[in-house]
Amino acid sequence: MSQSNVPRNINASTVSQSSPHPMLTIPELIMEFLGHLHAEDEGHVGWIDTAGLVCKSWIIPAKVVKWGTADLRRLLSVLAPIRIWEDEYTGIALIDFARRPKLDDWKRFGDVANLVFTLDVSGEMRLEGPLLTMLLTTLNRRRPPHSSALLPNTRTLKTGPLMVNDLKEILSLLPPTLQTLDTTLYASDEDAKLAFLQLIPQRFPTLSTLRLAGMWDGNEKLHQAMADMLTQLQSLREVSIPNMNFTSGIASALSTLPELRRVEVGQDCVENKELNLKWEGSSGGFPKLAKLDVHIPFDDASSSFLLDISSINSLQSLKLAHNVQQDGTGDLDGVFRAIGQMHGLRHLALTSVRVELLQADSLQGLMRCEALESLELSISATTTQITNEGIAAALRPLTHLKRLELCVLQGHKSVLDLHTLTSILQSSPSLEHVVLELDVRSQWALQPNRHQHNNLHTLDFVNVPGSRRGFELHRQPIQEMAAFLSTLSVKNVTVVSKVQASGIEDRYWREVAPLMQ
């Protein structure tokens, strides 16, 4: 380190001759330490430059922490200052480099670009539509001729909503070894989307993680293009496509991927009956699948699909949201029979389920899933025959169950009450966290005497009926409620009301909590 690079109040000979503790020269340890400080400092980079002056072994780790994750605007300002101004005649915002980058600027940019592993175009510094287009156009126009990818070591791209053309400009900066693409297409027509889907496997053949939102156009042509793209990305491990229906074409394409571990499809899609899952079977598909989160109709095709994947030993987490069609409700029994074959399942969630009849034994299929650690059920039935004893019997074999979230509605009213809670706790002593939507208008004072549940530490009551004047109309005196909750020896209790009037929950709970001490 030269004398000129040392702050005036530090003796250069002391810096160069001092010997730090050997542990403080291990790059991985230094980067971990600096990374935590960087996160706590909310990404402010000024102090990182100072950290690089501690000793020679800190110089490279400090630079990696500073530039390992970079937003596009900060990165491009390494080339030359960026200026944004408003055209005095049109009022349109314009952006450009304040001066033309020189060869020395490109060399400095190259040194920094080699350190960028994650390019983030989604944060506070992201450039909006036209400004981003202008800047990228200027960059590509002024980059040295015959230059390769400007960010040769970047492995992850994260963006907010972008037009396809802007996204393609950003992708031109990246190497073919990109591993993670997390982006949202914004206001792009079908032809642009189709061209983009064809581009991804051509540019990034070894992509391992794909999150692609904004694919709102739910026609068969776009779904076929998506399926064709997926089959070409044989290194994919994680796929998330929240705005497309989980169709047979997409399901079949995903089933052929040898390294696929995690799938999320259709969490926020426009329901299209014509594009429903019409599963025809696929032997030996999804060889390494560990987590599946999809919207599907609860029909025979879905039950057949679930039966086919029930033999996957690696499957540990399953989340199914009911894609309800206008002409009917789902077949919950068939879905439960298929799930009952997934003996290694650890996490199960069935949400937004609508059925005509919830039979007394509908939940019995769960009894075979003895490895379950968390269970979430949200079911709405026109008619329900389910009983507290039936719920308790279904849960009793689940000896590893730690978290339960349960909502069973008949019409718009919960059929669960405090007796249900007591039955659940008696049948499932392993539970640590319980979330219930229940009717608390039953008699608190009529509940059984004290029961010790040593594992239970959190109990949440959600969507509790209330009134805009408080809970006075729909609850017993708060002393009775507090007395009942005290019998459970629960450390954390939350009461959340359906009523959205500000302050109701806090005011109500301030009355109850002191009585439980």
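Let's start where two helices touch. His 223, Met 226, Ala 227, Leu 230 and Thr 231 in α10 meet Gly 249, Ile 250, Ala 253 and Leu 254 in α11. Contact here means heavy atoms within 4.5 Å. By class, this contact of α10 with α11 has six nonpolar residues, three polar and no charged. The classes work like this: Ala, Val, Leu, Ile, Met, Phe, Trp, Tyr, Cys and Pro count as nonpolar, Asp, Glu, Lys and Arg as charged, and the others, Gly among them, as polar.

A word on what we are looking at. This is a predicted model, where local features need pLDDT of at least 70, side-chain atom pairs count only at pLDDT 80 or more, and totals for chains, interfaces and linings use all residues. Residues are numbered from 1 along each chain as its sequence is written, and side-chain values use heavy atoms, with hydrogens and water left out.

Now the overall count. The chain has 17 helices and 18 strands. Both are DSSP runs, numbered from the N terminus: helices are H or I with at least four residues, strands are E with at least two. Of the 517 residues, 48% count as buried. Buried means under 20% relative accessible area, exposed means over 50%, and partly exposed is in between, using a 1.4 Å probe and protein chains only. Take contacts between residues at least 6 apart in sequence: 76% of them join residues at least 24 apart.

Back to our first pair. How do α10 and α11 cross? Helix α10 covers residues 220-232 and helix α11 covers residues 248-255; their axes come within 8 Å and cross at roughly 0°. Axes are lines fitted to C-alpha atoms, for helices over the stretch in contact, and angles run from 0 to 180 degrees between N-to-C directions. So α10 and α11 are roughly parallel to each other. The cut-offs: under 35 degrees is roughly parallel, over 145 roughly antiparallel, 65 to 115 roughly perpendicular, and the rest oblique.

Next pair. Helix α14 (residues 388-395) packs with helix α15 (residues 418-427) at an angle of about 25°, and their axes are 9 Å apart. That makes α14 roughly parallel to α15. Which residues touch? From α14 come Asn 388, Ile 391, Ala 392 and Leu 395; from α15 come His 419, Thr 420, Ser 423, Ile 424 and Ser 427. This contact of α14 with α15 has four nonpolar, five polar and no charged residues.

Stay with α14. How many of its eight residues are buried? Six are, and α14 is mostly covered. They are Asn 388, Gly 390, Ile 391, Ala 392, Ala 394 and Leu 395. These buried residues pack against β13 (374-384), β14 (403-410) and α15.

Thr 387 is partly exposed, with a relative accessible area of 34%. A polar atom of its side chain lies 2.9 Å from the backbone nitrogen of Gly 390. Thr 387 and Leu 416 are 29 residues apart along the chain, yet their C-alpha atoms are separated by 8.8 Å.

Now another threonine. Thr 154 lies in the loop between α7 (129-142) and β5 (156-162). Is Thr 154 buried or exposed? Thr 154 is buried, with a relative accessible area of 0%. Its side chain reaches the backbone oxygen of Val 116 at 2.9 Å. Leave aside neighbours within four places in sequence, and Thr 154 is in contact with Val 116, Phe 117, Leu 119, Leu 174, Pro 175 and Leu 178.

On to helix α12, residues 300-309. Its buried residues are Ala 301, Ser 302, Ser 303, Phe 305, Leu 306 and Ile 309. What covers them includes α11, β10 (291-296), β11 (317-322) and α13 (332-339). Asp 299 caps the N-terminal end of α12, with a side-chain oxygen 3.3 Å from the backbone nitrogen of Ala 301.

Last, two backbone angles. Phe 286 is not a glycine, but has a positive phi of about 50°. Phe 286 lies in the loop between β9 (262-265) and β10. Phe 286 is buried, with a relative accessible area of 3%. Ser 352 also has a positive phi, near 55°, and is a residue other than glycine. Where is Ser 352 found? In strand β12, residues 347-358. Ser 352 is partly exposed, with a relative accessible area of 45%.

Terms used. Polar contact = N/O pair within 3.5 Å; in protein donor to acceptor, adjacent residues only side chain to side chain.
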